[in-house]
Amino acid sequence: MNLHGTAQIGENHHLWIGGMDTIDLAKKYGTPLYLYDVALIKNRARGFKKAFEEKGIGYQVAYASKAFSSIAIIQLLDQEGLSLDVVSGGELFTALQADFPAERIHFHGNNKSPEELEFALNAGVGCIVVDNFFEISLLKTLCRKRNQKIKILLRLTPGIEAHTHDYIITGQEDSKFGFDLGNGQADAALKEVLDFELFEVLGVHCHIGSQIFETDGFTLAIEKLFNHFHTWDKECDFFPKVVNLGGGFGIQYTSEDTPLLPEQYVTAMIDEVSRQMNLFEDKQMPELWIEPGRSLVGDAGTTIYSIGSQKEIEGVRHYVSVDGGMTDNIRPALYQAKYDAYVANKMNEKPSNTVSIAGKCCESGDMLIWDLELPNVTDSDYLAVTCTGAYGYSMANNYNRIGRPAVVFVENGDEQLVVKRETYEDLIRQDLPLKTKVFV
Ligand SMILES: *Cc1c(COP(=O)(O)O)cnc(C)c1O
């Protein structure tokens, strides 16, 4: 059994998180229910910051809010002193509604619309991470029209793609994101943005992947970037004040996953940057920014489901269905993501069956977990799926007109509802009735 954060087995053999009995919470708020372990989120935020502070490096830790965006999580991470990444007008709106300081918001995305860019300029965001040539000209036009200066980072594609234990070096990156370092696009983009008086070019950004377990993809990316900085120093008299190395730090969804501690990624990055800086005599160490999403909120989240029907096909498979599925966690259906789960009210019982956990949607692909070892269960039991805090609620949807679950934060024996469950009324809120006689 692999419990995360403050999760533990209570004397009543229930799963407890943040000093709260998850079964009590399930009964109070209904299921499916997302629970977040606030202490674990705070520990992660502090761990990242400490790794920079111990080395005396200027930094920003920006939470990639696409992992889970809601007013309360943004307020919590504001309290922890983090910065924030947003990738759409909707994420920016949420951040502003949470009173997150605009100067610590970074605006990302490969296809920001003119309206979204104006929204960001109106709000006074801290920087815009410029992704492509189309965006450069769009942003120039807007800045000129408004006579407004804006800080920018250039998103670069260093030709390294990292996946868990491997990284792939791709000469010419085939990616929809950023300016390629290898084919001259990055150089052309830099010249263009340096030439425009209303841009303050803070530096560069790269994000090499997600759910990464090793540090060598990051250090290799740093090496490639800094090799380029020599050329830029000579040819454009430019050296970055900020190097943003993205997110992607892995978490342990199942025992197959073997991530490092979050701060180990940061330490490896700092060491490699310091090594590279030895080759620049007269330059200041840039600020290092990172953008963790999953590693801040992923394993802090647990989804509690009620178990319903079961179907046993002798010698083939034993299906156990829960009252949610791909509507609250699409990752298994979308990319075969693996999860662990426990019977939250029978934590003491030994597994006796191999079952597969099915969702309730009208899709054969709506499966949450294949081949899970569980004790015998009935329809009065609750299933806790762990590590659902990232890309769970944020990717949740209303397929089959199923409402999104509620979200509850727990900490130190206290609970707080932070997102209400969607009702049937919510589901038809945007629907308009057919006007009579229009189509007859
Ligand atoms: C998705 C993303 C992140 C966060 O990735 P995690 O794997 O959740 O840490 C950070 N930066 C950028 C640019 C991203 O697209």
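Which residues lie nearest the centre of the largest pocket? Select Lys 66, Arg 155, Phe 177, His 207 and Ser 210, which lie nearest its centre among the 40 residues of the lining. A pocket here is an open set of points on a 1 Å grid over the protein atoms alone, with protein on both sides within 12 Å along at least five of seven lines, and lining residues have an atom within 4 Å of a point.

Before moving on, know that this is a predicted model, where local features need pLDDT of at least 70, side-chain atom pairs count only at pLDDT 80 or more, and totals for chains, interfaces and linings use all residues. Residues are numbered from 1 along each chain as its sequence is written, and side-chain values use heavy atoms, with hydrogens and water left out.

**Stop 1**

The largest pocket has a volume of about 790 Å³. Colour strand 9 (150–157), strand 10 (160–164), strand 14 (209–212) and helix 10 (294–297): each supplies at least two residues of the lining. Strand 10 gives the most, with four residues.

**Stop 2: the ligand**

Around the ligand are 14 residues, and Lys 66, Ser 210, Glu 291, Arg 294 and Tyr 391 come nearest. To count as near, a residue needs a heavy atom within 4 Å.

Zoom in on the oxygen atoms of the ligand. A polar side-chain atom of Ser 210 lies 2.6 Å from a ligand oxygen, and a polar side-chain atom of Tyr 391 also lies 2.6 Å from a ligand oxygen. At Gly 293, select the backbone: an N or O atom there lies 3.0 Å from an oxygen of the ligand. Taken alone the ligand exposes 380 Å², and the protein buries 93% of that (Shrake-Rupley method, 1.4 Å probe).

**Stop 3: the cavities**

How many cavities of 30 Å³ or more does the structure hold? There are two; a cavity is a set of grid points where a 1.4 Å probe fits but cannot get out.

For the largest cavity, with about 80 Å³ of space, select its lining, including Leu 3, His 4, Asp 37, Thr 302 and Cys 387. Strand 2 (15–17) and strand 17 (301–313) each give two or more residues to this lining.

The second largest cavity has a volume of about 40 Å³. Among its lining residues are Ala 162, His 163, Tyr 167 and Glu 214. Strand 10 turns up again here, giving the most to the lining with three residues.

Terms used: Polar contact = N/O pair within 3.5 Å; in protein donor to acceptor, adjacent residues only side chain to side chain. Points joined across faces, edges and corners; volume = space filled by probe spheres on them.
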